Amino acid sequence: METIRFDIEHIQKFVTKKEMEQQTKAALKARETLLSGQGKGNDFLGWVDLPAKTSAKMMKNLREDVDRLASISQYVVVVGIGGSYLGARAVIDALEYKYLNNTGFPQVLYAGHTLDEDYYAWLLNKINTADYSVVVISKSGTTTEPAVAFRMLKRHLEKKYGKSGAAQRIVAITDKSRGALKTIADQEGYPAYVIPDNVGGRFSVLTPVGLLPIALAGYDISALLRGARNMRKICIEANTIQANPALLYAVVRNALYNKGKKVEMMVNFTPVLRTFSEWWKQLYGESEGKEGKGLLPHSLSFTTDLHSMGQYVQEGERLMFETVMSVKKSNYRASIPNDKQNLDGLNYLLDKNLTEINHCAEQGTVLAHEKGGVPVLRLELPKVNEEILGQMIYMFEFACGVSGYMLDVNPFDQPGVEAYKKNMFALLGKPGYKL
Ligand code: PA5
């Protein structure tokens, strides 16, 4: 089995052996707390066992819905925000270049992740003359952004296909018994999937929340779950930081945080992983950013951002470390053409493929940043595919639980998210709200 692994060579001069040992003890204790179910937020630990417990019946239902919707849809609009959006999009975007001819599947579009009016004008214009379906995802069933988007899309679908035709094209993913979306789905007879009570939004990518959109986009959710399952075993059973990437990650980020590195920058050298960083940002930002604590998760795409943010990273305030997602093998080759004139001076690269050049850019960057005072943790991915993404998702989730407990916060709630909503409701005149 090909497995992701961390390389800690470029953080070593920033933390002592003793600090690593102290954090390792704390991480092992935090893992014990997590697995014993005795820690803060312990009613939201359903994600720990998800990949091992996915039922054959649910997988069959998912496959049937994928076949049905794919056969009648040019587009599928996935409606959701935050944890009900980012995981699916992270995987779908990451696999964008893997299959060059992924025919027979609808194109996935998104809604409910923004309130921008022009976006909806663009979206409705795009789907107006095309066949499409909607997957609406909201655990609470009451979140304003997806509720607004779904109301518009439901009306559009009903006008286009009639009420019963629309009902054939809508799938709801929501709580098993509560919330407006559940009531609408029951009333209109939409097929529905349940988000388990004990799985919070940002930990829900391996439930139908992520699995249905990913499968609709044409990707292999069995391989995704297999990767997560294999990583779960490692995270739960391996007792050393050398053998357990989740423990190692939690140890390194806490050791660096304690040394004043308050910002973690998730870096990719392939644009397809950009949305994966967005998913990771929500996972860690929402889980750890509380009680005046927590590393600020930030992200950069290199080499693109070396030409915009590179200056700051190299010489700005020394408040950050980097976690670099380093992809070993590309799926395809693109060679550099020979040019007799060699006016651009690139003929010295003719014996190299682009991946080798990208790796040299990465190596050069890592060495420069380390020298400039930025610790660099490298996460090596053998390649980008469903199985590796499944490993990454589970590893980051597990490490997040461990790291949150090391920080002594509840990693599974998000009380701060309510503040903007209350103000927005007051400003919109919703009954019962005041500024
Ligand atoms: O992680 C979380 O809990 C949040 O990001 C939610 O997923 C997000 O606010 C959407 O909530 P809901 O699925 O209830 O519409």
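How many aromatic pairs does the count come to? The structure is a predicted model, so local features were taken only at pLDDT of at least 70 and side-chain atom pairs only at pLDDT 80 or more, while totals for chains, interfaces and linings use all residues. Residues are numbered from 1 along each chain as its sequence is written, and side-chain values use heavy atoms, with hydrogens and water left out.

The count comes to 20 aromatic pairs, where rings of Phe, Tyr and Trp (its six-membered ring) pair if their centres lie within 6.5 Å, and planes under 30 degrees apart are stacked, over 60 edge-to-face and the rest tilted. One of them joins Tyr 249 and Phe 396 in an edge-to-face arrangement, with 5.2 Å from centre to centre and 80° between the planes. Tyr 249 belongs to helix H10 (residues 245-258) and Phe 396 to helix H14 (residues 386-406), so that the pair links parts of the chain 147 residues apart; helices (H or I, at least four residues) and strands (E, at least two) are DSSP runs numbered from the N terminus. Tyr 249 is buried at a relative accessible area of 0%, and Phe 396 is buried at 0% as well (buried is under 20%, exposed over 50%, partly exposed in between, with a 1.4 Å probe and protein chains only). Both rings are members of a cluster that ring pairs build from Phe 6, Tyr 249, Phe 276, Trp 279, Trp 280, Tyr 284 and Phe 396.

Charged side chains also meet rings. The charged end of Arg 169 sits over Tyr 161, 3.9 Å from the ring centre (NZ of Lys or CZ of Arg within 6 Å of the centre and within 35 degrees of the ring normal). Lys 262 lies over the face of Tyr 257 at 4.3 Å from the ring centre.

Now to the pockets. The largest pocket holds about 870 Å³ of space. Its lining has 33 residues, with Ser 140, Thr 143, Gln 414, Glu 418 and Lys 421 nearest the centre. Helix H15 contributes the most, five residues. By class, nine lining residues are nonpolar, twelve polar and twelve charged. A pocket is an open set of points on a 1 Å grid over the protein atoms alone, where a 1.4 Å probe fits, with protein on both sides within 12 Å along at least five of seven lines; lining residues have an atom within 4 Å of a point. Volume is the space filled by probe spheres set on the points, which are joined across faces, edges and corners. Ala, Val, Leu, Ile, Met, Phe, Trp, Tyr, Cys and Pro count as nonpolar, Asp, Glu, Lys and Arg as charged, and the others, Gly among them, as polar.

The second largest pocket has a volume of about 670 Å³. Helix H13 (354-371) is among the elements supplying at least two residues of its lining.
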